[in-house]
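This briefing concerns charged side-chain contacts in one protein model. The sequence and structure are shown first, followed by the contacts grouped by topic.

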Amino acid sequence: MLLAIGFSALILHKNWKRLKTFQEAGELFRKGDLTGAKHKIRAVLRKDHSHEGAIVMLAEIFETEKLWRPAAGCWGRLCSLNRLEDKYQARKINALYRALAFKDLAAAVESLQAGKRKAFEPMYALALARCERPEEAEKIRASLDPDSETARFIGVLPASAAPSEKALEPFCRADDPVIAETARLLCFESAFNRADYPAAEAALKSAAESNPETATYLLGDFYYRRGELDAAKEAYAQAANWFLPEISTVRWAEILFLQTRLDELKPFDAKFVRGGKTTLVYSAYVRAMAAYLANDFDALGRELQVLGDSLDTQIVVMMRFAHGLKTGDVGKVTEAVAAFRAIPGRPFDASGTLARVRPLLERCYREGRFRETARLAAMLANAQQPDLLVTRLALLGRAASGEQDTGEIKRGLERFPGDPVLTRLAISTALGKGDNQNALALITGR
């Protein structure tokens, strides 16, 4: 009996402490101390994951901070906890709308009973238009007030081509913040596509200022694509406080790799914890970059094996090239060099690549690995700057595969007259083809 009373008292004490913490969170929220309020709320949720009031308060804090995606996540959690409360679904849809998460918004509206969709038709119509479902969007638009901002805005969003900036400009000042933000982002796309980068940057900055969550990471992507790495890194660091998609996080990591900032790069692996196959690939990619900078080629090899063919960025190619050189893997080096040659808009640096590959080629030559190195040597051949080792390996490799080319051997001898290796190869090829006269001439030097 006494034990039961003591246990009940303990539960009551814990519940009282939890209630007190929740009340303190509410007081901090009302005072505008959002950081302190979140700290208290999370303490409550650590003890009770389903505390409805705490989740509501956290959602409202996120909305105050204009963190619409986390807010939508909270409202979605509340929808699962209490399906009878329609306002949670409404708040979730509104948060998705403010986050410009149009695909999720459309799915949320479509999950409602038909009779409950009417209130969300303007949002739903815009979401459909932005999700490339123009016929469905137009059907709903026809039922809206034709003078409403939503109806007029959807009217300038054709199915096949981007709307003109002239048509979009009035909507950049729309009363509806989502229409205004969407118009600014479309102006950015239009300016970027016509290579007016100052106008594109201005449009993005305007969008990021009004809604940091939806546009700050795009500003980072813009600078990344332009090769302005410091500006991109700064934008990504700011976006991390709001919303940063995985691909933008990867680009941020690539910048740190290119700037050889190993200490800053290492923690990025922790950013890829929850997710599917793509998340695992990105995690391996970040670990591979860190291993490369740390000169840990054993770890690099393991991570490259995890990556497989999932990623084929220039950085991945460079790491495969370096690992192949370190381990003497001719196949990896050959594939990497082929990838270097295929990079569009970038001339292949044959002489620079040869300088790095030469020690491997010399070892292969000494070991008689001609067939294995034939393709690599052929890719490194430079008619303007012929190299004897490359020429020997290319021709000996082809001969080892039974592909003697008299013309190529003759050109090799013209570049390197009297070379004993090429001369013996020429004699052997001539004899093999029954050309005894040419073989005799090569033997006698005539």
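A salt bridge is taken here as a side-chain nitrogen of Lys or Arg within 4 Å of a carboxyl oxygen of Asp or Glu. In this predicted model, that rule gives a count of 27 salt bridges. Lys20, Glu24 and Lys40 are joined in a network of such contacts.

**A pair within one helix**
- Arginine 30 is paired with glutamate 27 in a salt bridge, with 3.0 Å between the closest N and O atoms.
- Both residues belong to helix H1 (residues 2–31), where a spacing of three residues separates them by about one helical turn.
- Arginine 30 is exposed because its relative accessibility is 63%, while glutamate 27, at 35%, is partly exposed.

**A pair between two helices**
- A salt bridge connects arginine 375 to glutamate 335, the closest N and O atoms lying 2.7 Å apart.
- Arginine 375 is located in helix H22 (residues 370–380) and glutamate 335 in helix H20 (residues 330–342), so this contact ties together parts that are 40 residues apart in sequence.
- Arginine 375 has a relative accessible area of 43% and is partly exposed; glutamate 335 is likewise partly exposed, at 48% relative accessibility.

**A further arginine–glutamate pair**
- Arginine 173 and glutamate 169 meet through their side chains in a salt bridge, with an N to O distance of 2.3 Å.
- Arginine 173 counts as exposed at 57% relative accessibility, whereas glutamate 169 is partly exposed, with a relative accessible area of 38%.

Technical notes:
Residues numbered from 1 in each chain as written. Predicted model: local features only at pLDDT ≥ 70, side-chain atom pairs only at ≥ 80, totals over all residues. Heavy atoms only, no water. Helix = DSSP H or I, 4+ residues; strand = E, 2+ residues; numbered from the N terminus. Buried < 20%, exposed > 50% of the residue type's maximum accessible area, 1.4 Å probe, protein only.
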